[in-house]
Amino acid sequence: MAEKRDFLDDIIDISQDFQAIRNPLADIANTLAAKPGEVPVWNPADYKERPRAATPSCTSCKSRDASTCTRCVDVCPKGAVHVDDGAIEIDDTCIKCGLCVSVCPSEAYHTREINTVKLYDRIAGAAASHETAYVTCTRALGRLPRENEVVLPCVGAVPSETWFALMTRFPNIAVYLPLGICDRCRTTTGEQTYCDMISRAETWAGFGLDLVVDEAALTCEVRRSWQRKEFVENIMKSGERLVSRTNPVLTAAKRVRGLLDAHKRQMDQVQHTLDRAVGVTNAKNRRRVLTDRRKQVMGALQKHPELAGNIDLYQPVCDMGLCTLCGRCEDVCPVRCIQISEDGRWSVEPEFCVQCGACEHVCPTGAVEYEFSDAEELVLPDEEEKDRREREAESKAELERLKEQGRSQVLKGLDMLERLGGSLADDEG
């Protein structure tokens with residue numbers, strides 16, 4: 001539904017038209033004046049990077065059994081990933097699609113740009129400032145992206161958890177992929193991967209992502225509410241710019257940065273709250289690992305706890321009648337959410353569990369298996385909200401006290417006036 005326009009919107013349009021009329025050849029002049037090496041050109045390789053592997057986080061490396069988890073090996077379209085004898089090797093046939101990064105449950109693969117935090121920031125930044133943010137791939141776009149177009153080596157590089165966190169905050173995200181584009185792509189496993197990732201996130205969020213297949217349908221319109229706020233802030237800071245010579249173009253970028261910083265603080269708060277609830281380390285002084293993806297899911301659930309019922313959460317349970325307390329499950333857990341105490345008690349912290357299946361795989365007696373769990377365990381108490389409510393309750397109580405005190409003073413005053421009136425009447429009599 002279109003946003004209602006008012007006088008401020010007309011002023012914004014007039015100011016933009018005036019800027020264009022005053023300097024109609026600005027873009028051409030800037031291009032001609034720029035040095036050849038500074039003019040951006042379309043190069044798909046700029047959006048691709050070979051991933052790096054962190055073997056301590058890999059369950060197959062920890063167990064020294066390549067069959068413990070094979071997701072990265074299975075998804076690689078070129079068979080470039082090899083896990084053997086406690087090490088990960090990525091050979092030269094890697095086409096830098098990023099799929100191994102998205103499917104690894106323990107986040108054992110890393111690149112500078114294709115990681116959970118960066119993906120969220122890039123897509124959220126585009127969605128916050130524009131009417132629609134488009135996520136696409138190098139093959140589909142084939143040109144320099146606009147401000148609201150996020151180009152990836154493959155759309156399958158975005159994990160379900162990141163999609164879910166984005167969808168709960170920004171309903172204006174779409175995927176741009178022309179029909180048949182994946183049929184001719186050498187990333188042969190990409191289509192199935194992004195279908196699985198997105199469909200899972202859609203189930204969790206309770207609604208679907210838009211899909212755009214025609215490039216003519218792509219738009220690059222700034223959100224009206226965002227534009228209005230930027231226009232008003234520019235007017236209010238005009239005097240400051242005259243003194244400090246700041247660039248007004250940076251205003252929107254600073255606001256996006258502020259929004260992303262607020263999200264980072266929320267993720268840090270999730271970690272802090274969980275550390276206080278269950279402890280930073282387990283009984284054997286091993287630090288538990290809360291993955292960035294789990295932080296994103298838990299952060300989204302803090303704002304939308306009603307969605308917990310949509311999430312397919314599973315956690316390992318142990319049949320103590322079969323368990324020999326060998327500790328294999330504890331040793332192989334990449335996030336250290338399983339622990340066996342000195343008195344032989346087996347326990348798991350479900351908030352940290354990434355459902356990798358390693359504990360179940362390595363158990364020699366079959367004592368460990370996964371069971372469905374209530375995702376409401378991921379909804380942590382919001383300490384800031386709790387503090388805010390307590391402050392509100394205290395303020396309300398103080399206000400009531402002051403009201404009662406004022407009412408008492410008024411009654412005392414009226415009583416004094418009444419007695420004074422009676423005394424005057426007696427004197428006149």
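The model is predicted: local features need pLDDT of at least 70, side-chain atom pairs count only at pLDDT 80 or more, and totals for chains, interfaces and linings use all residues. Residues are numbered from 1 along each chain as its sequence is written, and side-chain values use heavy atoms, with hydrogens and water left out.

**Overall architecture**

- The protein chain contains 16 helices and twelve strands; helices (H or I, at least four residues) and strands (E, at least two) are DSSP runs, numbered from the N terminus.
- Of the 429 residues in the protein chain, 41% are buried; buried means under 20% relative accessible area, exposed over 50%, and partly exposed in between (1.4 Å probe, protein chains only).
- Among contacts (heavy atoms within 4.5 Å) between residues at least 6 apart in sequence, 74% join residues at least 24 apart.
- The accessible surface of the chain is about 24,200 Å², and carbon and sulfur atoms account for 52% of that surface; accessible areas come from the Shrake-Rupley method with a 1.4 Å probe, and for residues only the protein chains shown count as cover.

**The second largest pocket**

- On a 1 Å grid over the protein atoms alone, a pocket is an open set of points where a 1.4 Å probe fits, with protein on both sides within 12 Å along at least five of seven lines, and its lining residues have an atom within 4 Å of a point.
- The second largest pocket has a volume of about 560 Å³; grid points are joined across faces, edges and corners, and a volume is the space filled by probe spheres set on the points.
- Its lining comprises 26 residues, and those nearest the centre are R71, V103, E161, M197 and R200.
- Two or more lining residues come from each of α4 (71–75), α5 (99–103), α8 (160–169), α9 (190–205) and α13 (292–303).
- The largest share, six residues, is contributed by α9.
- By type, the lining has eleven nonpolar, seven polar and eight charged residues; Ala, Val, Leu, Ile, Met, Phe, Trp, Tyr, Cys and Pro count as nonpolar, Asp, Glu, Lys and Arg as charged, and the others, Gly among them, as polar.

**The covered helix α8**

- Nine of the ten residues of α8 are buried, and the helix is thus mostly covered.
- The buried residues in α8 include E161, W163, F164 and M167.
- Elements covering these buried residues include α6 (116–129), β5 (133–137), β7 (173–176), α9 and α13.

**Salt bridges**

- Side chains of opposite charge can pair when their charged atoms come close.
- The structure holds twelve salt bridges, each a side-chain nitrogen of Lys or Arg within 4 Å of a carboxyl oxygen of Asp or Glu.
- R52 pairs with E49, with the closest N and O atoms 3.3 Å apart; R52 is partly exposed at 44% relative accessibility, whereas E49 is buried at 18%.
- D92 and R50 form a salt bridge at 3.2 Å, N to O. D92 lies in the loop between β3 (87–90) and α5 and R50 in the loop between α2 (26–33) and β1 (52–53), so the pair ties together parts that are 42 residues apart in sequence.
- D92 is exposed at 69% relative accessibility, and R50 is partly exposed at 31%.
- D343 and R345 are joined by a salt bridge whose closest N and O atoms are 3.1 Å apart; D343 is exposed at 53% relative accessibility, and R345 is exposed at 59%.
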